Amino acid sequence: MSNKTDVTLKDVYDVVNRIEDKLTKRIEEAEQEIEELQNFQNRVLGISMALSVFISGAATFIWNKITKNA
């Protein structure tokens, strides 16, 4: 006497596999977005570091010129 409401272990595995597939897709999309954000952040940090080195070098050069002439 098997009813249509009986759930087999195969049914459970199928449902779990579908959920895993959905989660895997969402996680991969999130990882891609995170990687893009990290790349952007690294570029911004690199550019700001180069600018700060240039600005501090220029400021030091100007300060040395001012103090040597005084």
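The model is a predicted one, in which local features need pLDDT of at least 70 and side-chain atom pairs count only at pLDDT 80 or more, while totals for chains, interfaces and linings use all residues. Residues are numbered from 1 along each chain as its sequence is written, and side-chain values use heavy atoms, with hydrogens and water left out.

Together with Val-7, Leu-9, Tyr-13 and Val-16, Val-12 forms a nonpolar patch on the surface with about 480 Å² of accessible area; patch residues have over 30% relative accessible area and no salt bridge, with nonpolar side chains joined within 5 Å and like charges within 9 Å.

## A patch of negative charge

Glu-28, Glu-29, Glu-31, Glu-33, Glu-35 and Glu-36 gather in a negatively charged surface patch. Among them, Glu-35 lies in helix 1 and is partly exposed, with a relative accessible area of 44%.

## The salt bridge

One salt bridge is found in a search of the whole structure, the term denoting a side-chain nitrogen of Lys or Arg within 4 Å of a carboxyl oxygen of Asp or Glu. It joins the side chains of Asp-14 and Lys-10 at 3.2 Å, N to O. Because Asp-14 and Lys-10 are four residues apart in helix 1, about one helical turn separates them. Asp-14 is partly exposed at 31% relative accessibility, whereas Lys-10, at 55%, counts as exposed.

Notes. Accessible areas come from the Shrake-Rupley method with a 1.4 Å probe; for residues, only the protein chains shown count as cover. Lys and Arg count as positive and Asp and Glu as negative; His and the chain ends are not counted. The place of a charge is taken as NZ of Lys, CZ of Arg, CG of Asp or CD of Glu. Helices (H or I, at least four residues) and strands (E, at least two) are DSSP runs, numbered from the N terminus. Buried means under 20% relative accessible area, exposed over 50%, partly exposed in between (1.4 Å probe, protein chains only).
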